[in-house]
Amino acid sequence: MGTFPEGLVDTPQAEGGAGTSPRIATDLTLGDLSAALAKGWRDFLAAPQYGLFFGGVYVLAGLAAFYVALVGGELSWLIPAAAGFPLVAPFVAVGLYEASRRRERGKPLGWGPVLGALKGHGDDQILSMGVIVFVAFSFWMIVAHAIFAIFMAESGMGGESLAALVTPAGLAMLAVGSAVGGAMALAFYAMTVVSLPMLVDRKVSFPTAIIASFAVMRGNLFVMLAWAAIIAALLALAMIPAFLGLMVALPVLGHATWHLYVRAVR
């Protein structure tokens, strides 16, 4: 296992690791992913109220966005919103990380500490990451809408009909949008997959946590790409039945991400 560069971590959280330097694992395996999912499922079953709450918030937000775009006939905003919706999932899962952390360490669960996880350690670092999440989602919406507008203008159908998607211009738009969106999503995933759990766990700055997240990604590229594929596939499938599958998929993946973080960072 490789250590963090000296001075990377500001002040390790006293709880469970006072005076120790975190280490980045470079030996993650696919077995660690299945173990994390199994632990995530157990956490969800042990305290389903938290998972269902955060999953419900996520579902309601998705349905609201879908309804506004659909009623307004804004297909040009609906498609980017649906594609970019998973970008905000890591921030929504912050409370789930805290629930898993408390279960793992034998601490009592309660709505106060779980909901209060967004405050972090009183230093606004998690809220700063929330701003980054919002900016990233907004940037994606602008880029995706521009791609949509450019290609749909060539279709001659105005771009506000599903039929426009099966035209040559529509298919080209989907291909380019998927490539650009995939690249942005991968970069965002690498930035947040470890950083948000770390900010819940340790009193560190958000740039420190982001650097650690990229380090885990770089040191375990194949496994972390596999985890990204699993997250993308499960969230996509869960969104199909009117977003309702996210009530379970989001909390299980949130709890599992915590356990993967624990395996990856010491």
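Let me start with a pair of sequence neighbours: arginine 202 and aspartate 201 form a salt bridge, with 3.9 Å between the closest N and O atoms. By salt bridge I mean a side-chain nitrogen of Lys or Arg within 4 Å of a carboxyl oxygen of Asp or Glu. Arginine 202 counts as buried, because its relative accessibility is 8%. The cut-offs there are under 20% relative accessible area for buried, over 50% for exposed, and partly exposed in between, with a 1.4 Å probe and protein chains only.

Before going on, the conventions. This is a predicted model, so local features need pLDDT of at least 70 and side-chain atom pairs count only at pLDDT 80 or more, while totals for chains, interfaces and linings use all residues. Residues are numbered from 1 along each chain as its sequence is written, and side-chain values use heavy atoms, with hydrogens and water left out.

Back to aspartate 201. Its side chain also meets that of arginine 105 in a salt bridge, at 2.6 Å, N to O. This pair links distant parts of the chain, 96 residues apart: aspartate 201 is in helix 9 (residues 195-201), and arginine 105 is in the loop between helix 5 (94-104) and helix 6 (111-115). Helices here are DSSP runs of H or I with at least four residues, strands are runs of E with at least two, and both are numbered from the N terminus. Aspartate 201 has 6% relative accessibility and therefore counts as buried. Arginine 105, at 32%, counts as partly exposed.

How many salt bridges does the structure hold? The count is 8. The general point is that side chains of opposite charge can pair when their charged atoms come close.

Another of these salt bridges joins the side chains of arginine 263 and aspartate 32, at 3.2 Å, N to O. Aspartate 32 is buried, at 16% relative accessibility, whereas arginine 263 is partly exposed, at 24%. Salt bridges link Asp27, Asp32 and Arg263 in a network.

Now the overall picture. Of its 266 residues, 47% count as buried. The accessible surface is about 12,100 Å², and carbon and sulfur atoms make up 72% of that; the areas come from the Shrake-Rupley method with a 1.4 Å probe, and for residues only the protein chains shown count as cover. Taking contact as heavy atoms within 4.5 Å, 76% of the contacts with a separation of 6 or more are between residues 24 or more positions apart.

Next, the aromatic side chains. Rings of Phe, Tyr and Trp (its six-membered ring) pair if their centres lie within 6.5 Å; planes under 30 degrees apart are stacked, over 60 edge-to-face, and the rest tilted. That rule gives 5 aromatic pairs. In one of them, phenylalanine 53 and tryptophan 111 have ring centres 5.3 Å apart and planes at 75°, so the pair is edge-to-face. Phenylalanine 53 lies in helix 2 (residues 48-71) and tryptophan 111 in helix 6, so the pair ties together parts 58 residues apart in sequence. Both are partly exposed, phenylalanine 53 with a relative accessible area of 36% and tryptophan 111 with 37%. Tyr50, Phe53, Phe54 and Trp111 form one aromatic cluster.

What does valine 114 touch, leaving aside its neighbours within four places in sequence? Its contacts are Tyr50, Phe54, Gly95, Glu98, Ala99 and Leu109. Valine 114 sits in helix 6 and is buried, at 1% relative accessibility. From valine 114 to tyrosine 50 the C-alpha distance is 8.1 Å, for a separation of 64 residues in sequence.

Two last items. Helix 10 (residues 206-219) has 14 residues and reaches 20 Å from first C-alpha to last, close to the 20 Å expected at 1.5 Å a residue; the expected span is 1.5 Å times one less than the number of residues. Its buried residues include Thr208, Ala212, Ala215 and Val216.

The other is aspartate 124, in the loop between helix 6 and helix 7 (125-155). Aspartate 124 has a positive phi of about 65° although it is not a glycine. For reference, most residues other than glycine have a negative phi. Aspartate 124 is partly exposed, at 46% relative accessibility.
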